[in-house]
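Please have the sequence and the model open side by side while reading. The text goes from the whole chain to single residues.

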Amino acid sequence: MQAEQEDRFQEFVRARWSQLVRTAYLLTGDVHHAEDLTQTALAKAYRSWRRISRTDNPEAYVRRMLVSCNSDRFRKRRVTESLTAAPPETVGRDESAGRIEERGSLLAGLAELPARQRAVVVLRYWEDLSEAEVAEVLGCSTGTIKSQASKGLAKLRTYPGLAAGRTVSGGQGGNR
């Protein structure tokens with residue numbers, strides 16, 4: 001790879017690393033798996049960076065690679081992980097503790113979704129991508145995205161520990 005292309009790739013990684021790891025964490029449910037998954041996707045992106053950097057949206061391309069690498073992980077071997085039903089006990093109880101518990105429940109609920117539904121919910125509501133963008137990332141129709149999102153959200157709404165009647169909304173406080 002030419003020095004200029006390599007500099008652009010390094011700049012891309014520096015700018016997007018934390019967002020890609022956060023997405024990978026939501027897909028895997030584990031920080032270490034998320035970092036490994038992100039590194040794997042970026043290693044593949046590095047090999048094809050010249051082509052990827054010429055696309056309209058290199059980030060979407062790499063995000064799709066992230067989702068594909070996660071799917072490959074499940075094809076190779078089924079990973080079984082158990083997330084705890086509740087976070088450890090805390091001394092005091094305040095409003096932020098409730099949000100932390102709800103976040104833990106949301107992550108556990110996401111872990112229970114089938115891989116495709118989980119990818120759709122994460123990309124659509126946490127990453128705040130449009131249905132068309134998610135369809136492009138996953139390589140399917142917007143109708144598939146709508147049905148998978150609907151099914152995924154319905155399962156999350158019935159998951160124990162999540163507030164009944166609340167809608168699942170995007171990542172960083174929903175203010176994106």
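This is a predicted model: local features need pLDDT of at least 70, side-chain atom pairs count only at pLDDT 80 or more; totals for chains, interfaces and linings use all residues.

The chain has 176 residues, and buried residues make up 37% of them. Its secondary structure consists of eight helices and zero strands.

Helix α7 covers residues 131-138. Which of its residues are buried? They are V134, A135, V137 and L138. Viewed down the axis of α7, these buried residues fall within an arc of 160 degrees, so they line one face of the helix. Just after α7 comes G139, which takes a positive phi of about 70 degrees.

Helix α7 also holds E133. E133 belongs to a negative surface patch, which it forms together with D56, D128 and E136.

The last stop is Q39, in helix α2, which spans residues 31-47. Is Q39 buried, exposed or partly exposed? Its relative accessibility is 45%, so Q39 counts as partly exposed. Along the chain, Q39 and V13 are 26 residues apart. In the model, the C-alpha atoms of Q39 and V13 are separated by 10.0 Å.

How values were computed: Residues are numbered from 1 along each chain as its sequence is written. Side-chain values use heavy atoms; hydrogens and water are left out. Buried means under 20% relative accessible area, exposed over 50%, partly exposed in between (1.4 Å probe, protein chains only). Helices (H or I, at least four residues) and strands (E, at least two) are DSSP runs, numbered from the N terminus. The arc is that of the directions from the helix axis to the C-beta atoms. Patches are made of residues with over 30% relative accessible area and no salt bridge: like charges are joined within 9 Å, nonpolar side chains (Val, Leu, Ile, Met, Phe, Trp, Tyr) within 5 Å. Accessible areas come from the Shrake-Rupley method with a 1.4 Å probe; for residues, only the protein chains shown count as cover. A salt bridge is a side-chain nitrogen of Lys or Arg within 4 Å of a carboxyl oxygen of Asp or Glu. Lys and Arg count as positive and Asp and Glu as negative; His and the chain ends are not counted. The place of a charge is taken as NZ of Lys, CZ of Arg, CG of Asp or CD of Glu.
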